[in-house]
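Student: Got a model open here. Can you walk me through a few spots?
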Amino acid sequence: MDMLVVVWEVGGKSQRFQLERSPVRVGRALDNDIVIPDISVSRYHAVIVHEDGQWVIRDMGSRNGLRVQDRFVTEHVLRDGEQVWLGNVSLNCVALADERIEFQEAPSPEEPVEGTIIRPAADIALGRVEVTPQLRAPAPAAEVDLISSLLDVIQKLLSLHSLEDLLNAFMDLVFAHIPAERGFLLLYDEHLGELVPRVVRFRHPGAEGRIAISRHIARKVFDERVAVLTLDAQADPRFAGEASVIMHGIRSVMCAPLWAQDRSVGVIFVDTVTRTVGFTQQHLQMFTLMANMAGVAIEQARLRASIQREQAIRARLERYHSPAVVEQILADRGRITLLEPQEREVTVLFADMVGFSSRAETMEPKQLTALLNDFLSELVEVVFEYEGTLDKFIGDAVMAFFGAPRTHEDHALRAVRAALAMRQRIQTFNERRHLTPPVQIRVGINTGKVVAGDIGSPRRVEYTVLGNTVNVASRLENFVAKPDQIVISEATYEQVQTAVEVVDLGWLDLKGLQQKVHAYELVRLKE
């Protein structure tokens, strides 16, 4: 990777920085090389250095770290097409092949030019274009077998999964089946909003130099999905004025879109300086068909990468949510940012098994494990039923919360409904297992502000909530709730008082908390 551009967006505006020198400092402070004014980005968040021919980004002890494909890293080699997250901001990496590709302005005559055809790529690929006898000149026998050549292209392209490998293999195939002497491939980058050089190829070593293309021609080929063949580039005003055409004596040029169905993804350009080996209609058809196949393969490679990212996100979400909630979260735009640490109002629920330690003394480990797994499974099913988030298991206890990452205005009511359903479900659980003594639960619930999001170290991260709201809920469950009792805080009661019947437990001193907490026993829902 010779050149790399990083693109990011802040406040709805896209910005870019081309990596040319090392090191490059990234952060919120104004004396950084890349300044990102976002509160989730630390003042001096990361540094990008050039080592062993690669660009490497390193965390500088930032608060929110670096994340690549849903995992935290302390350093990472930047690769084309990747996103590196700094807090809530993503750096999008775009590779540039080199500086040998030059976009030039050139006139765009509306009248047809003799020896040049510009036609819809699909028509050329299907052989529906009538051209001059000169362009119908037969190709060498080795190149006439269009079907076997295309089969070779298809087999090779379908065997590759990496986009970089695919692009290089495609250029190798073009030079194997087309008598081009120079060529390059451009891909459209959505972050930059422009065509970006990705691969450059020369047939003869030592003949390297700058290759120029009319910006108008490149955009026309891309936007209108037309293919271009010019027998004599020096006679066509769209090419004749370009310095490289004159200097290298460029004679024949072909340019085609890389497209799949009705969408262009890039452009491929080839030329030749040999007078005796110009491009023909046979070459143009082969060239255009190959470009179509490459466009499909590129879209498939991108789709595979997107699916892999989606699967990684889905796997993490399924640890915390029901399948229905996972689908809702994935359907939301900006779903990755839903997992970023942010302040939210939620309702936190703790529930545990009463007397678990006593049971552990009298039960075989295998039996105890089976009992605990079944007990926790019952509670988790209830959490998912009310679209809550499973935070963690703490021994024989479950911690869950309602209202994040997906916002629910009635998160407090969902939590109290879930608590009542847990109590009822454990009663059925006892009847089914004929346990003596029966299993009982106790539940503590509190509502308030928390920080919700991915919290952890580079080696392990979990979606969780932090704050005093969590501490109060834990202590209500641990120190106040009695067997089969559900205790809620005043903050929760204020949001559900029209829907529940309670018993006022008054103001309580809770261990580890300086202020008293007003608590209520949840009895039932009002009819």
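Student: Is Met3 buried or exposed?
Tutor: Met3 is buried, at a relative accessible area of 13%. Buried means under 20%, exposed over 50%, partly exposed in between, with a 1.4 Å probe and protein chains only. This is a predicted model: local features need pLDDT of at least 70, side-chain atom pairs pLDDT 80 or more, while totals for chains, interfaces and linings use all residues. Residues are numbered from 1 along each chain as its sequence is written, and side-chain values use heavy atoms, leaving out hydrogens and water.

Student: Which strand holds Met3?
Tutor: Strand β1, residues 3–10. Strands (E, at least two residues) and helices (H or I, at least four) are DSSP runs, numbered from the N terminus. In β1, seven of the eight residues are buried.

Student: How many bridges join β1 to β2?
Tutor: Seven, and the two strands run antiparallel. Pairing takes at least two DSSP bridges between strands. Val5 stands opposite Gln18 in β2.

Student: New topic. Where is Glu477?
Tutor: In helix α13, residues 468–480. Glu477 is buried, with a relative accessible area of 5%.

Student: What is Glu477 in contact with?
Tutor: Beyond four places in sequence, its contacts (heavy atoms within 4.5 Å) include Phe350, Asp352 and Arg442.

Student: What does the protein chain average in pLDDT?
Tutor: 81, and 79% of the residues score at least 70. pLDDT is the predictor's confidence in each residue, from 0 to 100.

Student: Where does pLDDT stay under 50?
Tutor: Residues 137–144 are one such stretch, with 11 contacts beyond four places in sequence. Where pLDDT is low, the predicted coordinates should not be read in detail.
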